Amino acid sequence: TVQRIHSSTFYKTYTFDQNANLTKENIKTVNFRSFAISEGYADQSTSGTGTTLYFNEGKVAILTCAHIVQFPDTVITYLPDDEGNFTKYIQAIFIKERQAIYVAGFPEGSEFELLVADKKSDLALIGKDYKILSDLRFPVFNYPTGKAKELDWGSFVYLFGYPINYQMVTKAIVSNPNRDEYGSFLVDAVVNNGMSGGIVLAIRDGVPNFEMVGMVQWVPEEEENILVPQKL
């Protein structure tokens, strides 16, 4: 039931120079395309993990992280001034034209659509209706949902996913449980790109009493601040 997901979004790009004087306020009242000095295309791709939660009469739904499959419709960048600070004038506009979400191993090109997403909780459902292929059968995750808030320091959990596109299961130890109101926790597993959306299972009173207690959402990162001389 654990699936590999790849998502690609394609943008039409418009680039402007300082003479255009476009701002976020006036692009709604003018044909900004006529001010562009160049047009082109750009794409952004991500990969991650999902879990099949639903199947009925050809309809399939997969749970994953929102940041894997949800991209902004419009992206705007701004021109810098002589000191390197961003101004209010637009440098480029990216407008989403198409998005493709693929789930490896499914028929008909494996392309799914985004059904619903919650950016705050970083959750999303993607799905597909096979209609004429309703006689297909897909396994569905059938373990019960546990409570992450019941985990303690040193609890063992199992992680399932596709780090760097390799199917993998690994065991980890819980640290810093109940980090927030949702019961988030840290694990000591080595997590690589593509593991986002992977399910986390805990065991209650011995095998095979697995319970789903969470999903992999992010990895720790380091931030480094560097002081540089001011421009004369």
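A residue counts as partly exposed when its relative accessible area lies between the limits for buried, under 20%, and exposed, over 50%. By that definition E150, with a relative accessible area of 47%, is partly exposed. The model discussed here is predicted.

**Salt bridges in the model**

Side chains of opposite charge can pair when their charged atoms come close. A search of the whole structure finds five salt bridges.

| Pair | Closest N and O atoms |
|---|---|
| K12 and E39 | 3.3 Å |
| K96 and D73 | 3.5 Å |
| E150 and R204 | 2.6 Å |

The salt bridge between K12 and E39 links distant parts of the chain: K12 belongs to strand β1 (residues 2–15) and E39 to strand β2 (residues 38–56), 27 residues apart. K12 is buried, because its relative accessibility is 13%, below the limit of 20%.

In the salt bridge between K96 and D73, K96 is part of strand β5 (residues 86–103), whereas D73 sits in the loop between α1 (66–69) and β4 (74–80), so the pair ties together parts 23 residues apart in sequence. K96 is partly exposed at 23% relative accessible area, while D73 is exposed at 54%.

E150 and R204 also form a salt bridge. E150 lies in the loop between β7 (123–129) and β8 (156–161), and R204 in the loop between β11 (199–203) and β12 (210–215); the pair therefore ties together parts that are 54 residues apart in sequence. R204 is partly exposed, with a relative accessibility of 37%. A network of salt bridges links E150, R204 and E211.

Definitions and conventions: Residues numbered from 1 in each chain as written. Predicted model: local features only at pLDDT ≥ 70, side-chain atom pairs only at ≥ 80, totals over all residues. Heavy atoms only, no water. Salt bridge = Lys/Arg side-chain N within 4 Å of Asp/Glu carboxyl O. Helix = DSSP H or I, 4+ residues; strand = E, 2+ residues; numbered from the N terminus. Buried < 20%, exposed > 50% of the residue type's maximum accessible area, 1.4 Å probe, protein only.
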